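Please read the following report alongside the sequence and the 3D view.

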Amino acid sequence: MSEFIQLHMLVSYPPSNLNRDDLGKPKTARMGGAQRLRVSSQSLKRAWRESEIFQEAFDGHLGIRTKEMGWQVYRALKSGQGLADVLAENESAPVRPAIEEKKAVAWAQQIAGRFGKLKKPKDSKDDDEKVDPEKQKKESLCVEQMVHFSPAEIAAIDDLLGRLAEGGKKPEEKDLELLRAERTGVDIAMFGRMLAASPAFNCDAAVQVAHAITVHKVAVEDDYFTAVDDLNHRDEDSGAGHVGQAEFAAGLFYAYLCVNRDLLAENLDGDEELTDRGVEALVEAAAKVGPKGKQNSFASRAYASYILAERGSEQPRSLSVAFLKPVEGDDYLTAAVDELRTTRQNMEKVYGACADGCVEMNAATGEGSLDEVLAFVTGDHA
Amino acid sequence: MSGHTFYRIHLKDGAGQDPAFWRRVRNPYQVHKMVWRIFSDGSHKDRDFIYRLEMQEHTPVIYAVSTADRVDLDGIWRVDAKDYHPALRRGDRLGFNLRANPVRTKRDEEGRQHRHDVVMDAKYAMETRDNIEVDLVQQEGFAWLASRGERLGFSVEEGAVRVDGYRQHRFRKPRSGRRVTISTIDFTGALTVTDPDLFKEALYTGVGPAKSFGCGLLLVRRV
């Protein structure tokens with residue numbers, strides 16, 4: 001049986017629109033017959049992956065998730081800059097000969113096509129809207145699905161770009177074997193990846209993240225009023241950026257995540273040190289970092305108010321049933337902590353111990369500490 | 001011309017607890033007067049607002065678009081306001097919500113105009129009282145909206161609009177005692193802007209008749 005690390009957190013967000021659905025409303029879910037606010041797991045994972053905590057902990061071990069690798073490769077070929085500099089938007093001097101337009105497009109398409117199906121550029125039917133050729137070219141270099149590239153793969157692509165630039169000839173079939181199963185990024189090892197085109201290079205996620213939902217019921221305001229800001233502007237790329245101040249409901253969220261430590265270590269080629277560093281950074285990010293949605297308008301930055309961490313080889317379980325009945329009253333946090341503790345105790349009564357041990361941290365009462373939680377989750381294991 | 005403003009108007013805290021408030025808003029005519037008192041200082045003038053009343057968690061919320069400065073004679077409202085000057089282009093796709101009074105105008109033998117609710121009209125035409133209203137509302141309502149849209153600068157597709165909430169409201173005008181019947185239908189879905197100028201006019205002045213009774217305000221957002 002694998003060893004699991006489970007994290008149960010209560011995080012309070014002030015009024016915000018953290019995670020929007022495709023109509024621009026905050027995401028919701030019904031639970032226990034009441035509407036709750038919801039933050040999707042994708043949104044949480046993205047926030048953690050992009051956090052400074054991750055960047056600092058895993059310098060050189062983080063991959064990149066993008067549909068636009070082909071576009072970046074094209075830019076690198078066209079300018080002669082290194083791929084890493086192009087990806088990081090660094091102004092840098094060329095490191096190799098620049099490639100002419102036509103070849104750059106064709107080669108970039110060949111390379112991108114290895115990671116996913118290339119998008120078909122839209123042809124214009126509407127005479128009013130002139131198609132921007134630059135935009136169309138970019139479209140033709142993007143793939144349809146997000147692809148998660150590991151650092152080893154990015155290095156392999158860059159290496160190939162160097163050889164192409166020197167040789168001046170189009171990539172051969174063997175040059176295009178760019179996918180790597182080993183030396184995967186920490187983020188890929190944690191959250192997995194799915195490549196429809198090359199399933200052999202898929203990676204099972206070692207970290208499962210539940211959608212965070214409020215422990216209480218929430219009435220989401222209709223956002224036609226909010227939408228006015230969005231209507232008044234016309235910025236091509238800022239669809240999400242212009243939804244302004246809405247009095248979207250605040251919420252106290254229950255968030256749950258579960259790490260299969262053995263699988264994480266396996267995904268990281270058995271690197272124990274990196275595995276512990278991964279667990280530590282993940283827990284710290286989960287405690288301190290939330291989705292960035294509308295950060296500028298809402299500054300909804302929040303640390304977790306309460307954390308319960310568990311370790312053990314028992315089958316993991318979420319404690320969301322604690323909030324099947326929406327929490328009420330004027331002190332959500334205390335009530336929610338009580339519900340969580342009670343549910344855990346009652347579950348142990350009927351099932352026996354569900355973990356080998358646990359620690360708590362409560363920022364409202366000042367009990368416990370994040371350091372203790374981090375020491376616990378990375379401590380010696382059986 | 002002065003600019004348009006989009007309003008969201010809530011009752012102030014506590015105002016909803018006052019039974020007198022509810023006695024004053026028992027029918028659409030009273031609601032019409034109530035909203036009028038928000039936008040007018042009482043002197044006679046033309047209506048320069050369109051609005052929609054919704055009940056959210058048992059209290060009224062009014063959305064309105066107007067060129068008028070609000071006055072709020074009663075002092076019971078919390079008013080949020082935003083400049084409303086949508087930047088739209090042909091081909092823009094918008095989510096929308098509309099409560100409208102869909103009628104067809106017909107002339108009788110003496111040349112007088114009569115307005116017929118499109119649903120009742122279809123029912124009479126089919127000489128039936130069977131319970132086929134749900135389909136009828138969708139069909140007739142959609143046809144009505146599509147033909148309006150042509151003139152108002154937008155197009156709708158059958159699959160992308162839900163038409164429901166058919167209701168008839170009956171009341172008497174207090175002074176004349178005249179009986180008034182208004183039916184309303186709710187439309188929800190997506191539309192495509194075909195003529196930005198005409199469409200903006202529709203956003204500012206509403207769609208269809210019975211605007212003084214809370215019909216015709218198009219609520220839109222980008223999708």
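Does B:F154 count as buried or exposed, going by its relative accessibility? In this predicted model, B:F154 has a relative accessibility of 2% and therefore counts as buried, the cut-off being under 20%.

**A sheet in chain B**

B:F154 belongs to strand 8 of chain B, and this strand is part of an open sheet of 4 strands, arranged in the order 8-9-5-10 with antiparallel pairing. Strand 8 (154-172) and strand 10 (218-222) of chain B are the edge strands; each has a single partner strand, so one side of each has no neighbour in the sheet. From one strand to the next, the twist averages 15°. Within this sheet, strand 5 (residues 93-100) and strand 9 (residues 179-193) of chain B are joined by 8 bridges in the antiparallel sense, and B:R93 is found opposite B:T192, a residue of strand 9 of chain B.

**Aromatic pairs and charges over rings**

Over all chains, the count of aromatic pairs comes to 19. Two of these pairs, one in chain A and one in chain B, are set out below.

| Pair | Distance between ring centres | Angle between planes | Arrangement |
|---|---|---|---|
| A:F54 and A:F58 | 5.3 Å | 85° | edge-to-face |
| B:F154 and B:F199 | 5.8 Å | 75° | edge-to-face |

In the chain A pair, A:F54 is buried with a relative accessible area of 0%, and A:F58 is likewise buried, with a value of 0%.

**Nonpolar cores**

Which residues of the largest nonpolar core touch the most other members? They are A:W48, A:F54, A:F58, A:M190, A:L257, A:L282 and A:I307, in a core that counts 51 residues. Helix 11 (residues 272-288) of chain A supplies the largest share of this core, with 8 residues. For A:F58, once the neighbours within four places in sequence are set aside, the residues in contact are A:V186, A:M190, A:L274, A:R277, A:G278 and A:A281. There is also a second, separate core of 41 residues, and its members include A:L231 together with B:Y84, B:Y166 and B:F187.

**Chain A and its strand 1**

Chain A contains 14 helices and 10 strands, and of its 382 residues 51% count as buried. Among the contacts in chain A with a separation of 6 or more, 74% are between residues 24 or more positions apart.

Strand 1 (residues 4-13) of chain A has 9 of its 10 residues buried, so this strand is largely enclosed by the rest of the structure. Strand 1 runs antiparallel to strand 9 (residues 304-312) of chain A, to which 8 bridges join it, and here A:M9 has A:I307 as its bridge partner. Strand 1 is also joined by 10 bridges to strand 8 (residues 251-260) of chain A, again in an antiparallel arrangement, with A:F253 as the bridge partner of A:V11.

**Two residues with positive phi**

Most residues other than glycine have a negative phi. Against that background, A:D269 has a phi near 55°, which is positive although the residue is not glycine, and this residue lies in the loop that runs between helix 10 (261-267) and helix 11 of chain A. In chain B, phi of B:A210 is near 60°, also a positive value in a residue other than glycine. B:A210 is placed in the loop between helix 5 and strand 10 of chain B, and with a relative accessibility of 16% it counts as buried.

Terms used: Residues are numbered from 1 along each chain as its sequence is written. Chains are lettered from A and ligands numbered from 1 in the order in which they are written. This is a predicted model: local features need pLDDT of at least 70, side-chain atom pairs count only at pLDDT 80 or more; totals for chains, interfaces and linings use all residues. Side-chain values use heavy atoms; hydrogens and water are left out. Two strands pair if DSSP finds at least two bridges between them. Axes are lines fitted to C-alpha atoms, for helices over the stretch in contact, and angles run from 0 to 180 degrees between N-to-C directions. Rings of Phe, Tyr and Trp (its six-membered ring) pair if their centres lie within 6.5 Å; planes under 30 degrees apart count as stacked, over 60 as edge-to-face and the rest as tilted. Buried means under 20% relative accessible area, exposed over 50%, partly exposed in between (1.4 Å probe, protein chains only). A nonpolar core is a set of buried Ala, Val, Leu, Ile, Met, Phe, Trp, Tyr and Cys residues joined through side-chain atoms within 4.5 Å. Contact means heavy atoms within 4.5 Å.
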